Amino acid sequence: MSEDNPWRLDGCTALVTGGTKGIGRAVVQELAGLGARVWFVARTDADVRQTEEHLSRFGQVHGIVADVTSAGDRVRVATALQGAGRLDVLVNNVGINVRKNLVDYDEDEIHRILSTNLTSALLLSREMYPLLRASTRASVVNVSSTAGLTGMRTGVPYAASKAAMIQTCRTLALEWAQERIRVNAVAPWYTRTPLAEPILGNARLLDQVLARTPLGRVAEPEEVARVVAFLAMDASSYVTGQCIVVDGGFMVHGMTWK
């Protein structure tokens, strides 16, 4: 982080999972634009190379083709970052969703959602711990969801994984505080990403979302990325164990009068 300007990330090293699409891609761009050297991870080689080429104009951006649900790939990611000597920012962003009622999931689908959204974040955080500790001022940000804070109509495994990510940040913030590693989460409401397209592309469902959103629109990925960036900066140096909701007022909707 920049010691001269707490609102910059000059000289820091960052790692973002799921960095080729949606919120993850926006986070990579935001951190790079603030001066960080950003490594990002995704599974598809073509997506990684395209993202690396496009976002390099914003700063230092380096892609790694890896699946963070794989133990071997997590070790490979850690090895790629060894040369930096430390990791200042870890953004656990990668996530998937399958919208069904619980009785309609097969067991493999449930395991895949939990493994991608939650288990990979836990194990990657553990893998990166030595590099985070070497920073002495590191920040971990988990990208959760409002689905982890309130009930939704479907998607129990997704909601469970996102709630667990929030509790992870609270517990890990206490566990790692003595190492000066801060751990926080962000919880977006519907954001204009490929993951949300099945809902946002349905006019009836979109109307329902907007009716529950006081600001009257869905979020853009950049709006979530800016909150992630704040939690990565020294500007938030006394913030840890918190979940910041990025929802256009959804969680405090209550009763509104027209």
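Analyst: Let us begin with the lining of the second largest cavity, which has 4 nonpolar, 5 polar and no charged residues (Ala, Val, Leu, Ile, Met, Phe, Trp, Tyr, Cys and Pro count as nonpolar, Asp, Glu, Lys and Arg as charged, the others, including Gly, as polar). The model is predicted, with local features needing pLDDT of at least 70 and side-chain atom pairs pLDDT 80 or more, while totals for chains, interfaces and linings use all residues. Residues are numbered from 1 along each chain as its sequence is written, and side-chain values use heavy atoms, without hydrogens or water.

On a 1 Å grid over the protein atoms alone, a cavity is a set of points where a 1.4 Å probe fits but cannot get out; a pocket is an open set with protein on both sides within 12 Å along at least five of seven lines, and lining residues have an atom within 4 Å of a point. Our cavity holds about 40 Å³ of space (the space filled by probe spheres set on points joined across faces, edges and corners). Its lining is made of Thr17, Asn92, Asn93, Val94, Asn117, Ser120, Ala121, Leu124 and Met165. Helix 4 contributes most to this lining, with 4 residues (helices are DSSP runs of H or I with at least four residues, strands are E runs with at least two, numbered from the N terminus).

The model has 2 cavities of 30 Å³ or more, and the largest cavity holds about 60 Å³. Around the largest cavity sit Asn92, Leu118, Ala121, Leu122, Ser125, Val140, Asn142, Met165, Thr168, Leu172 and Val183. At least two lining residues of the largest cavity come from each of helix 4, strand 5 (139-143) and helix 5 (156-176). Helix 4 again provides the largest share, 4 residues. Sorted by class, the lining of the largest cavity has 7 nonpolar, 4 polar and no charged residues.

What are the neighbours of helix 4 here? One of them is helix 5: the two pack at an angle of about 20°, and their axes are 9 Å apart (axes are lines fitted to C-alpha atoms over the stretch in contact, with angles from 0 to 180 degrees between N-to-C directions). Helix 4 and helix 5 are therefore roughly parallel (under 35 degrees; over 145 is roughly antiparallel, 65 to 115 roughly perpendicular, the rest oblique). On the helix 4 side, Ile110, Ile113, Leu114, Asn117, Leu118, Ala121, Leu122, Ser125, Tyr129 and Leu132 make the contact (heavy atoms within 4.5 Å). Helix 5 answers with Pro157, Tyr158, Ser161, Lys162, Ala164, Met165, Thr168 and Trp176. This contact has 13 nonpolar, 4 polar and 1 charged residues.

Another neighbour is helix 3 (residues 71-81), which packs against helix 4 (residues 107-135) at about 30°, with the axes 10 Å apart. Helix 3 and helix 4 are therefore roughly parallel too. Arg74, Val75, Val77, Ala78 and Leu81 of helix 3 meet Ser120, Leu123, Leu124, Glu127, Met128 and Leu131 of helix 4. In this contact there are 8 nonpolar, 1 polar and 2 charged residues.

For contrast, look at an open space: the second largest pocket holds about 220 Å³. Thr136, Arg137, Ala138, Ala177, Arg180, Ile181, Arg182, Asp234, Ser237, Tyr238, Val239 and Thr240 line this pocket.
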